[in-house]
Amino acid sequence: VRGLCGTFNGDQSDDFTTPEGDVELGVSAFANAFRAAGACPPLAPAIPDPCDAFPGSRERARAACAVLMGPVFQ
């Protein structure tokens, strides 16, 4: 199993393997390797933190993640 979610082989060093078999070091270059040409603009080298654009989102995200990391899903 390979793709945008990694390789699922327990080795994190190859999780950014592109469809061509290259291992990218950055998130943007990795994501752009899966981009359908013309479907959307390429990602810039740095991905902005979504919580900076939406004040209050960080706390809501932490609360939602706490549920997922809690005993219900263990």
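I began with the surroundings of G3, and, leaving aside residues up to four places away in sequence, I found that G3 touches D15, F30 and F34, where a contact means heavy atoms within 4.5 Å. G3 is found in the segment before α1, and with a relative accessible area of 12% G3 is buried; my classes are buried for under 20% relative accessible area, exposed for over 50%, and partly exposed in between, with a 1.4 Å probe and protein chains only. I also looked up the separation of G3 and R35, which are 32 residues apart in sequence and 12 Å apart in space, C-alpha to C-alpha.

I note here that this is a predicted model, in which local features need pLDDT of at least 70 and side-chain atom pairs count only at pLDDT 80 or more, while totals for chains, interfaces and linings use all residues. Residues are numbered from 1 along each chain as its sequence is written, and side-chain values use heavy atoms, with hydrogens and water left out.

Next I turned to two other residues of the segment before α1. F8 is found in this segment, ahead of α1 (27-33), and F8 has a positive phi of about 55° although it is not a glycine; its relative accessible area of 63% makes F8 exposed. D11 is found in the segment before α1 as well, and D11 is partly exposed at a relative accessible area of 37%. Between D11 and G38 I recorded 27 residues in sequence and 32 Å in space, C-alpha to C-alpha.

L68 is found in helix α3 (residues 57-69), and at 52% relative accessibility L68 counts as exposed.

Finally I went through the whole protein. I find three helices and zero strands, in the pattern α-α-α along the sequence; helices (H or I, at least four residues) and strands (E, at least two) are DSSP runs, numbered from the N terminus. The radius of gyration of the protein is 16 Å, well over the 11 Å that the globule rule gives for 74 residues, so the protein is more spread out than a compact globule; the radius is taken over C-alpha atoms, and the rule is 2.2 Å times the number of residues to the power 0.38. Along the principal axes, the C-alpha atoms fill a box of roughly 40 × 30 × 20 Å.

Of the 74 residues, 15% count as buried. Among contacts between residues at least 6 apart in sequence, 10% join residues at least 24 apart. The protein exposes about 5,900 Å², of which carbon and sulfur atoms supply 64%, the areas coming from the Shrake-Rupley method with a 1.4 Å probe.
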